[in-house]
Structure formats: C-alpha cells, structure tokens
Amino acid sequence: NRRIRSSVNGEDIAFIEGGGKNMKIMGFSSNQRGSFLKLMMNHGIEKHFWDLLREKNVGFLRSKSAENLQEYCRIVLLHLLEPENNEPNYKDGCPKDDGVNIKAVLAR
C-alpha cells in the first residue's frame, strides 16, 4: 500500500487500504467518502462548505481534522479534473467510483 505523510500529526497514513466495500482512501471509508461528496453536491466547495465543516463537522466526517478534509478534497478535485478515459483507476492509482457523476459535481 502506498502511504502519504499526514499533515495532521506527521505520521504516515495509507493512501489506499483494504478493498471492495472496506476500502479506505486516506482513511475515509465508503460512507465517509459518500458523505463528503454529498456535502460537496449540496453546498459546493466555496467558503460556505468549509464553514459548514468547521462549525458542524457533520456526520461520518466528525473524526476528520480540517487538514485531513482539505487534503482529501484536494485529491477529489484532482480526480474530477483528470481527462475522461476508460481506465479503472485515476493516475495516482486510486480506483474510480462508478457512482460519481463527474460532470454534475463539476457543474455544482
């Protein structure tokens, strides 16, 4: 498993760990990734989105630090901006989620 340096506590965390429904990306479970995407779709990623995360630290995302959420958002945005192709993974090796409508997210 590829590991990245966490900006939260300086420790290494797995970029991708597990597989299938148990796969975590940067420590985000499938439910947490879905919650994050739902917030992005409902609120966009402008200042209001970050204020919402800071003020309420909603749902499954409660255990994530602001730095962890911002780094995860950065990676999600990089994935959304990659040119469309038929590959099963993004350039960084992260598997693509078939349930994500990239055009709808970007339009938001």
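Two residues are said to be in contact when heavy atoms lie within 4.5 Å. In this predicted model, histidine 79 makes such contacts with Tyr90, Asp92 and Cys94, leaving aside residues up to four places away in sequence. Histidine 79 itself belongs to helix H3, which covers residues 66–81. The relative accessible area of histidine 79 is 8%, so the residue is classed as buried, the limit for that class being under 20%.

The protein chain as a whole contains 4 helices and 4 strands. Their order along the sequence is β-β-β-β-α-α-α-α. Of the 108 residues in the protein chain, 33% are buried. The accessible surface of the protein chain amounts to about 7100 Å², and carbon and sulfur atoms contribute 48% of that area. Among the contacts with a separation of 6 or more, 43% join residues 24 or more positions apart.

The mean pLDDT is 78, and 81% of the residues reach a score of at least 70. Among the elements, strand S4 (residues 24–25) has the highest mean pLDDT, 88, whereas strand S1 (residues 3–5) has the lowest, 53. Where pLDDT is low, the predicted coordinates should not be read in detail.

With a relative accessible area of 9%, glycine 44 is buried, because the value falls under 20%. Beyond residues up to four places away in sequence, glycine 44 touches Leu39, Phe49 and Arg108. Glycine 44 is also 9.1 Å from leucine 106, C-alpha to C-alpha, although 62 residues separate the two in sequence.

Side chains of opposite charge can pair when their charged atoms come close. The structure holds 2 salt bridges. In one of them, the side chains of arginine 74 and glutamate 71 meet at 2.8 Å, N to O. Both of these residues lie in helix H3, where a spacing of 3 residues corresponds to about one turn of the helix. Arginine 74 has a relative accessibility of 43% and therefore counts as partly exposed. Glutamate 71 is likewise partly exposed, with a relative accessible area of 25%. A salt bridge also joins the side chains of lysine 103 and glutamate 84, with an N to O distance of 4.0 Å. This pair links distant parts of the chain, as lysine 103 is in helix H4 (residues 102–107) and glutamate 84 is in the loop between H3 and H4, 19 residues apart. Lysine 103 and glutamate 84 are both exposed.

Empty space was examined as well. Rolling a probe the size of a water molecule over the atoms shows where empty space is left. The largest share, 6 residues, is provided by H1.

Definitions and conventions: Residues are numbered from 1 along each chain as its sequence is written. This is a predicted model: local features need pLDDT of at least 70, side-chain atom pairs count only at pLDDT 80 or more; totals for chains, interfaces and linings use all residues. Side-chain values use heavy atoms; hydrogens and water are left out. Helices (H or I, at least four residues) and strands (E, at least two) are DSSP runs, numbered from the N terminus. Buried means under 20% relative accessible area, exposed over 50%, partly exposed in between (1.4 Å probe, protein chains only). Accessible areas come from the Shrake-Rupley method with a 1.4 Å probe; for residues, only the protein chains shown count as cover. pLDDT is the predictor's confidence in each residue, from 0 to 100.
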